[in-house]
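Try each task before you read its solution.

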Amino acid sequence: MGKGDRKTLRGKTYRGSYGNSRAHSAKQAVAGAKPTVTKPAAAKKAAPRKKSA
């Protein structure tokens, strides 16, 4: 069980591969959790025009 073992985390890290012991995805979503909502970006207002003389 070490660097050469393809079935362990250390072996996967050494070889640079992914699998069951070194999953490439993030944490699993919790069932029944509310999805995150992102607010739309606020629109920038144009600067007021300068009055001509």
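**Exercise 1.** In which element is K12 found?

Solution. K12 is found in helix 1. Helices are DSSP runs of H or I with at least four residues, strands are E runs of at least two, and both are numbered from the N terminus. The protein chain has one helix and zero strands.

A note on the model: it is predicted, so local features need pLDDT of at least 70 and side-chain atom pairs pLDDT 80 or more, while totals for chains, interfaces and linings use all residues. Residues are numbered from 1 along each chain as its sequence is written, and side-chain values use heavy atoms, without hydrogens and water.

**Exercise 2.** Find the nearest side chain of opposite charge to K12.

Solution. Start with burial: K12 is buried (under 20% relative accessible area, with a 1.4 Å probe and protein chains only; exposed is over 50%, partly exposed in between). Next, look for the partner. D5 is the nearest side chain of opposite charge, 8.5 Å away. K12 has no salt bridge (a side-chain nitrogen of Lys or Arg within 4 Å of a carboxyl oxygen of Asp or Glu).

**Exercise 3.** Is T8 buried or exposed?

Solution. Then read its relative accessible area, 16%. T8 is therefore buried. Finally, list its contacts (heavy atoms within 4.5 Å): leaving out residues up to four places away in sequence, T8 touches M1, G2 and S21.

**Exercise 4.** What percentage of the 53 residues of the protein chain count as buried?

Solution. The share is 8%.

Terms used
Lys, Arg positive; Asp, Glu negative; His and termini not counted.
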